[in-house]
Amino acid sequence: MQMWPDLIQKAKDGGLDVIQTYVFWNGHEPSPGQYYFEDRYDLVKFVKLVQQAGLYVHLRIGPYVCAEWNFGGFPVWLKYVPGMAFRTDNEPFKAAMQKFTEKIVGMMKEEKLFETQGGPIILSQIENEYGPIEWEIGAPGKAYTKWAAQMAEGLSTGVPWIMCKQDDAPDSIINTCNGYYCENFKPNSDNKPKMWTENWTGW
């Protein structure tokens, strides 16, 4: 946390104008309904520090983040919710995911951190590299993708939402490329900008 201002300034000095950050569900909700946004999990403070540096924010809510993070950032308690099945057309999962996403968006709105409110957040992300999972599980995955997009848009942030590695992202959601080679990537609509949200240089 003490390193944040220096790291943000180094990013700016290096020519960056947008800082991406994941939102780690397991850190922010360690037990059901008990939230933690202090110390290194002080998301509002981080976003405001980026704003003070004159940079923009891409808020990658997920809330599945992968990121080589234990359990993909899901809190362990989520596994024990009755009837739970992760990242599919499953009502217990969707209810928990929506509640957490609404919590994060609500906090950002309260602090006026979306660009439409004068804040630095210009993009938000829902889900994370879900396309390959959807391809494997078929219809339940497609239904979940559609639901996630509609849920996110219903939060009325005033800024675009993206889905990375999601070739069938709904029309109102920008699908973006994560990978080593994105120079030939094209979004699934001419009305969407071409975006490379992760530049993989090694594994």
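1. A crossing of two helices is called right-handed if the near helix is turned clockwise from the far one by less than a right angle, and left-handed if the turn is anticlockwise. In this predicted model, the crossing of H4 and H6 is right-handed.

2. The axes of helix H4 (residues 91-110) and helix H6 (residues 139-153) come within 11 Å and cross at roughly 25 degrees. Since angles under 35 degrees count as roughly parallel, H4 and H6 are therefore roughly parallel to each other.

3. On the H4 side, the contact is made by Phe-93, Lys-94, Met-97, Gln-98 and Thr-101, which meet Tyr-144, Trp-147, Ala-148 and Met-151 of H6. By class, the residues of this contact between H4 and H6 comprise 6 nonpolar, 2 polar and 1 charged.

4. The largest pocket has a volume of about 360 Å³, and among the 16 residues that line it, Trp-4, Thr-21, Phe-24, Arg-40 and Phe-46 are the closest to its centre. Helix H1 (4-13), strand E1 (18-22) and helix H3 (43-52) are the elements that give two or more residues to this lining, which has 11 nonpolar, 3 polar and 2 charged residues.

5. The second largest pocket holds about 220 Å³ of space, and its lining includes Val-18, Ile-19, Gln-20, His-58, Leu-123 and Trp-196. E1 and strand E6 (196-199) each supply at least two residues of the lining of the second largest pocket, with the largest share, 3 residues, coming from E1. That lining divides into 6 nonpolar, 3 polar and 1 charged residues.

Notes
Residues are numbered from 1 along each chain as its sequence is written. This is a predicted model: local features need pLDDT of at least 70, side-chain atom pairs count only at pLDDT 80 or more; totals for chains, interfaces and linings use all residues. Side-chain values use heavy atoms; hydrogens and water are left out. Axes are lines fitted to C-alpha atoms, for helices over the stretch in contact, and angles run from 0 to 180 degrees between N-to-C directions. Helices (H or I, at least four residues) and strands (E, at least two) are DSSP runs, numbered from the N terminus. Angles under 35 degrees count as roughly parallel, over 145 as roughly antiparallel, 65 to 115 as roughly perpendicular and the rest as oblique. Contact means heavy atoms within 4.5 Å. Ala, Val, Leu, Ile, Met, Phe, Trp, Tyr, Cys and Pro count as nonpolar, Asp, Glu, Lys and Arg as charged, and the others, Gly among them, as polar. On a 1 Å grid over the protein atoms alone, a cavity is a set of points where a 1.4 Å probe fits but cannot get out, and a pocket is an open set with protein on both sides within 12 Å along at least five of seven lines; lining residues have an atom within 4 Å of a point. Grid points are joined across faces, edges and corners, and a volume is the space filled by probe spheres set on the points.
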